[in-house]
Amino acid sequence: MICCSIGFDPITKKPKVFKAHVRNYEARYWIFTIGVDKSWREIFDCAKSIPGSNFVCIGGVFYFVNRLIGMPYNIVAFSAGNEKFMRRITLPDQALTSILPQKITEIKGQIAVLDQKFFEGDVKVSLYVLKGIDETERWVKHIIKLPSNLRGTSIWPLFKTNSKGEIVLITRSTSTPSTILDIFLYDIAKKKWREVAINRSYDQELLGMNRIAVLLNFV
């Protein structure tokens with residue numbers, strides 16, 4: 001598995017790409033400064049960490065969920081400017097019981113974790129947002145239910161976030177997961193879903209889930 005994230009170095013004012021390559025439960029990390037470096041430079045500070053499904057860069061710091069076997073999952077913080085490991089952040093206790101990988105994301109400049117759970121046939125997502133600084137840090141939990149017209153239906157949900165801090169819900173067919181059924185956006189402040197119109201003229205197989213995910217950052 002290869003994970004990449006692009007971020008901004010506040011020291012050099014240059015964009016950097018942080019990359020992890022996971023093989024046989026071991027990870028190696030590299031960094032690349034766009035417009036400066038000619039090749040990738042390996043980073044050893046995060047060697048004892050296994051990244052989850054994604055990275056996020058906030059304020060010049062790369063974050064990812066560390067899923068190293070044999071220890072409680074936590075969030076690793078890595079400085080884009082100094083290119084050094086900074087600290088580990090403990091995940092909320094409720095998120096540690098999930099059987100699905102947590103997604104780390106950004107909600108209006110704050111670290112957040114999306115944790116998908118299933119309860120009695122209904123799909124919910126728990127959103128944990130990290131509030132405060134240092135000793136005052138605490139996780140604030142939000143429970144988000146599916147849009148009412150989707151509850152009890154046979155769908156395959158995919159949760160993400162966009163640059164506006166909204167929760168993105170992509171529903172897919174359980175028989176053909178590459179087929180997009182609906183896209184909804186959830187406003188955390190208003191606690192409301194809204195549906196996004198899909199241009200059905202696009203070839204679903206050509207567009208693909210990864211491209212959908214990238215395009216949603218601009219919704």
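This short talk walks through one predicted model, from its confidence to its strands, its salt bridges and a few single residues.

Residues are numbered from 1 along each chain as its sequence is written, and side-chain values use heavy atoms, with hydrogens and water left out.

Let me start with confidence. The mean pLDDT of the protein chain, that is, the predictor's confidence in each residue on a scale from 0 to 100, is 77, and 76% of the residues reach 70 or more. Among the elements, where helices (H or I, at least four residues) and strands (E, at least two) are DSSP runs numbered from the N terminus, β4 has the highest mean pLDDT, at 91, while helix α1, residues 204-215, has the lowest, at 46. Over residues 202-219 the pLDDT stays under 50, and for this stretch the model has 27 contacts (heavy atoms within 4.5 Å) beyond four places in sequence. Where pLDDT is low, the predicted coordinates should not be read in detail.

An open sheet is formed by 4 strands in the order β1-β2-β3-β4, with antiparallel pairing, where two strands pair if DSSP finds at least two bridges between them. The edges are taken by β1, residues 2-9, and β4, residues 41-43, and each has a single partner strand, so one side of each is left without a neighbour in the sheet. Neighbouring strands here are turned by 30° against each other on average, direction ignored, with axes being lines fitted to C-alpha atoms, for helices over the stretch in contact, and angles running from 0 to 180 degrees between N-to-C directions. Between β1 and β2, the latter covering residues 14-23, there are 8 bridges, and the two run antiparallel; I2 stands opposite H21 in β2.

In strand β3, residues 26-33, we find W30, which counts as buried at 15% relative accessibility, where buried means under 20% relative accessible area, exposed over 50% and partly exposed in between, with a 1.4 Å probe and protein chains only. Leaving aside neighbours within four places in sequence, W30 is in contact with V17, F18, K19, H21, W40, R41, E42 and I43.

Which residues does K16 pair with in salt bridges? A salt bridge is a side-chain nitrogen of Lys or Arg within 4 Å of a carboxyl oxygen of Asp or Glu, and the structure holds 7 of them. One partner of K16 is D9, with the closest N and O atoms 3.1 Å apart, and both K16 and D9 are buried. Another partner is E83, at 2.7 Å from N to O. Since K16 lies in strand β2 and E83 in the loop between β7 (74-79) and β8 (85-90), the pair ties together parts that are 67 residues apart in sequence. The relative accessible area of K16 is 4%, and E83, at 17%, counts as buried as well.

A further salt bridge joins the side chains of E137 and R87, again given from N to O, at 2.7 Å. E137 lies in the loop between β11 (122-131) and β12 (138-145) and R87 in strand β8, so this pair ties together parts that are 50 residues apart in sequence. Both are partly exposed, E137 with a relative accessible area of 25% and R87 with 32%. Salt bridges that share partners join D9, K16, D37, R41 and E83 into one network.

What about the cysteines? The structure holds 0 disulfides, a disulfide being a pair of cysteine sulfur atoms within 2.5 Å. The sulfur of C3 is 7.6 Å from the closest cysteine sulfur, in C4, which is too far for a bond. C3 is buried, with a relative accessible area of 5%.

I will end further along the chain. Strands β15, residues 180-187, and β16, residues 192-196, run antiparallel and are joined by 5 bridges, with Y186 opposite W193 in β16. The two form a hairpin with 4 residues between them, and K191 in the turn has a positive phi of about 55°.

Methods
Predicted model: local features only at pLDDT ≥ 70, side-chain atom pairs only at ≥ 80, totals over all residues.
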